[in-house]
Amino acid sequence: MSDSPSTDPAPPLPGLSEEEAGRRRAAGQGNDVEIRTGRTYGRIVRDNVFNFINNLFYFLGILLLVLGKPLDAFAVVFVIAVNTIISLVQEVRAKRVMDKMAILLRPQADVVRDGRVRELDPSQVVLGDILRVQPGDQVVVDGPVVGGRMEVDESLLTGESDLVTKHLGDALMSGSFCMTGGGYYEAEKVGLESFANKLTAKASVFKRELTPLQRQVTQIVRVLLIVVIVFETLVWIRNVIAAVPFVESVRMSTVILALIPNGLVLSIALTYALGAVRLLGKDMLVQQFNAVESLSNVDVLCTDKTGTLTSGVIALDETLALGAEQGRVAQLLGAFSASTTDANRTIEALRAAYPAQRQPAAHEAFFSSDRKWSGLAFADGEARGTYVLGAPEILGPALRPGADWRAQADSWAARGLRVVLFAGRAEPVAFGEPDVPPSLPTDLDALALICFSDELRGGVRQTLQEFSEAGIDVKVISGDNPQTVMALATQAGLQTLGRRENVNAYCETVLGVDADQEEAAPRELIAVSGQDLEGMSAEELADAADRANVFGRVTPEQKQDLVDALRARGRYVAMIGDGVNDVIALKQANVAIAMQGGSQAARSVGDLILMKDTFAPLPFAFREGQRIINGMNDILRIFMVRIFFKALMIAIVTAVGGFPFAPRQSALLSFVGATIPAIAFALWAQPGPTPKVGLFKLLARFVLPTTVLMTAIATGVYLAWAIPAHNAHLAAHPGASEKELIELAYPQAQTALTLFACFAAILLILLIVPPTKWWAGGAPVVRGDWRMVGVVVFLLACMIVVLAVPLGRTLFELHALPVWQYFLLFGLAVIWSLLCRLVWRSRILDRWLGTAEDPGNMCATGAAPTPM
């Protein structure tokens, strides 16, 4: 709890006493309401442990145990249990951390108690409290205005974007935001009675919002579920007809059911949650988990200069008197800054430089980022008259001929100083009719030209360099003079990049395309003013948005137009904002980034909150997003290859007789072909470019050749071992049943098939994450990560131990083969990897899938791969 600064006007009412507030709270008149904002711990347990697919595995495991197959039961349940426990523990941990930090984002309320304004948590507000609201503040309870005048944004409640003017007695609704002006209101409806809480209570049931990647994976899972149902039906029908023992049918069912990557969607959500925790460690709070996915695609960052390039601490630098004596100018500026109810950083700097007593104003025009000026009219007193403070180029047309101030204004702006003009006239006049936007008075005299300093943030040059290295264009969009913004941007070391500063290695090493580097070289900074933008067509605006990187004197609507234009050009836009004037542009950006110290309105629409009000952690955030998506793409590749390979083998082998895998053999393939590689991919994923094609095209280009070639060779392996055993058994036992063939003739064929599949799955790791250019072809980049070679060596060593130790063969239901056959199977896996590489290098699939029509579409506009 804290007291507000004494420079604010006194509240119109003394408010409640602390004692009276306590009594009302005890009487149940407090703003207490519990709204669920996320999944409960019980829901997390149910989703992770007792989902539909897991329950089927539990049932089959119990059934196998009852049927006397404990090792099969263990193999079925163990992998599911381990994955579930890991996911459960990590998600609970992430929830605890995120819930604690989310408390920091609760909007605070300025409440009048005992005649003083105090900052309280909204839950401490009681019926009858008097609350103050200022620009950017959120209205936390319903009630009438009891003092002041303001314009509020009710779009979150009504969907209407126009600002609504509120006068004395007008009702304010909780959930709306004060945009200009300010005042006081009385808490009339609290708790569940308030408008916003009624809306929230109706929607209090948690609903999981899926990211685009999760939705695509969910579609794959649904297709696989249909495939599983069909396979289960056909296999059971065949087994009933062939009198296959019930226990063997159950064993086959567990292998078929394992085709569903049950934990994949939850794994993506968990990966995002852990990514959010990592970002939190860098003082960034993720409000929307899909922002973690979006961060990987960002190639342009739009930001204001104040609070990002600069510290945001504005101080008066110099005042040049024009139409009055210096003493008179100081007196008028003091009266103006002390009397306005619409304080901002500029006004606070004037208050510090020219302290004065507040005087009652007859008329007031609130500052607006659209108008770029504010005004006061005094009916009497020493400051009698009408005064405006604003951008020189905006006030210029309303001035009478007088002293030339433009050369000095340009000189200050070229030094990176903020320049404003103070003008007035002797008689007090109104700024227009009530409830309509104020109009600028005419026949004003220029009284003073004022400049303010705002120093660059420490480390801003390094941060901008990191953005450049990540291939992210930075565009500074400000309400200040373009010259001022340009000077500060130059001092900070800002440079513009082409659309492809660093071309994806995929284009050069795989597609063999020489990328056009003309746009890659940093270009000279280009500045555009809001007045220039006004006369542009949509196409011209898009060209300006794409090429320029400094924009000055822009309105909030123009910020939105620039973001729209960039998105229309295929750019993926992140927007940093902290004020109410940034809200509409933040809503339009792909990723909205707000400042913790900014307005509540900006924080309410932010996907990501910068907790320490600096954009220095953002390069890490963009790299983290790239790292997560690259890791997930790698995991998806290895999962999809294993799943579709097993599905094809089940279809083929079942059609010719027999079954391809025993449950424990399937578990071994999952262990070496999915579980261990997925952990390695997640742990050692690297930032870098993310492919700019859809997930299905990306997977198809990799999965099709690997799966088809693996299936073709594996079918030959199975038949080469199964046919001789089948014929030999029938020769020795004429009329042998399907049951006998499955139990006696096919186990060696299953062993050979399992070993080939395991060897191929291990080599697949090097195709997904190529350590050298030789292995490149299917993967977007050559990462040079030799740790993956270590994973391959480790898994091959595990396979040697399993095959060499009788217990290992028994555990995974493998039959001993001659040593030369082991080498033969490994050699076939090597041949398979070479064939895959040949198909990729031939670019046959690229032409078929359309990914070769524009080689750049497979390339990120982001950074080149991180060298090891």
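The request concerns helix 23 and what packs around it.

User: Which strands does helix 23 touch, and at about what angle does its direction lie to that of strand 9? Where is Gly-625 found, and is Gly-625 buried or exposed? At roughly what angle do helix 23 and helix 27 cross?

Analyst: This is a predicted model, in which local features need pLDDT of at least 70, side-chain atom pairs count only at pLDDT 80 or more, and totals for chains, interfaces and linings use all residues. Residues are numbered from 1 along each chain as its sequence is written, and side-chain values use heavy atoms, with hydrogens and water left out.

Eight strands form an open sheet with mixed pairing, in the order 9-22-21-20-10-17-19-18. Strands are DSSP runs of E, at least two residues, and helices are runs of H or I, at least four residues; both are numbered from the N terminus. Two strands pair if DSSP finds at least two bridges between them. Strand 9 (284–286) and strand 18 (527–529) are the edges. Each has a single partner strand, so one side of each is left without a neighbour in the sheet. From one strand to the next, the twist averages 20°. Angles run from 0 to 180 degrees between N-to-C directions, and axes are lines fitted to C-alpha atoms, for helices over the stretch in contact.

Met-284 has Leu-610 of strand 22 as its bridge partner.

Helix 23 (residues 618–656) packs on this sheet. It touches strand 9, strand 10 (300–303), strand 20 (573–577), strand 21 (591–595) and strand 22. Contact means heavy atoms within 4.5 Å. The direction of helix 23 makes about 40° with that of strand 9.

Gly-625 is found in helix 23. Gly-625 is buried, with a relative accessible area of 0%. Buried means under 20%, exposed over 50% and partly exposed in between, with a 1.4 Å probe and protein chains only. Leaving out residues up to four places away in sequence, Gly-625 touches Val-292, Leu-295 and Ser-296. Gly-625 and Glu-293 lie 332 residues apart in sequence, but 5.9 Å apart in space, C-alpha to C-alpha.

Now the helix partner. The axes of helix 23 and helix 27 come within 11 Å and cross at roughly 155°. The two helices are therefore roughly antiparallel. Angles under 35 degrees count as roughly parallel, over 145 as roughly antiparallel, 65 to 115 as roughly perpendicular and the rest as oblique. Helix 23 passes helix 27 in a right-handed crossing. A crossing is right-handed if the near helix is turned clockwise from the far one by less than a right angle, and left-handed if anticlockwise. Helix 23 contributes Asp-634, Arg-637, Ile-638, Val-641, Phe-645 and Met-649 to the contact. From helix 27 come Leu-753, Ala-757, Ala-761, Leu-764, Ile-765 and Ile-768. By class, this contact has ten nonpolar, no polar and two charged residues. Ala, Val, Leu, Ile, Met, Phe, Trp, Tyr, Cys and Pro count as nonpolar, Asp, Glu, Lys and Arg as charged, and the others, Gly among them, as polar.

Helix 27 (residues 747–768) also meets helix 28 (residues 787–804). Their axes come within 8 Å and cross at roughly 165°. Helix 27 and helix 28 are therefore roughly antiparallel. Helix 27 passes helix 28 in a left-handed crossing. The contact of helix 27 with helix 28 has 14 nonpolar, no polar and no charged residues.
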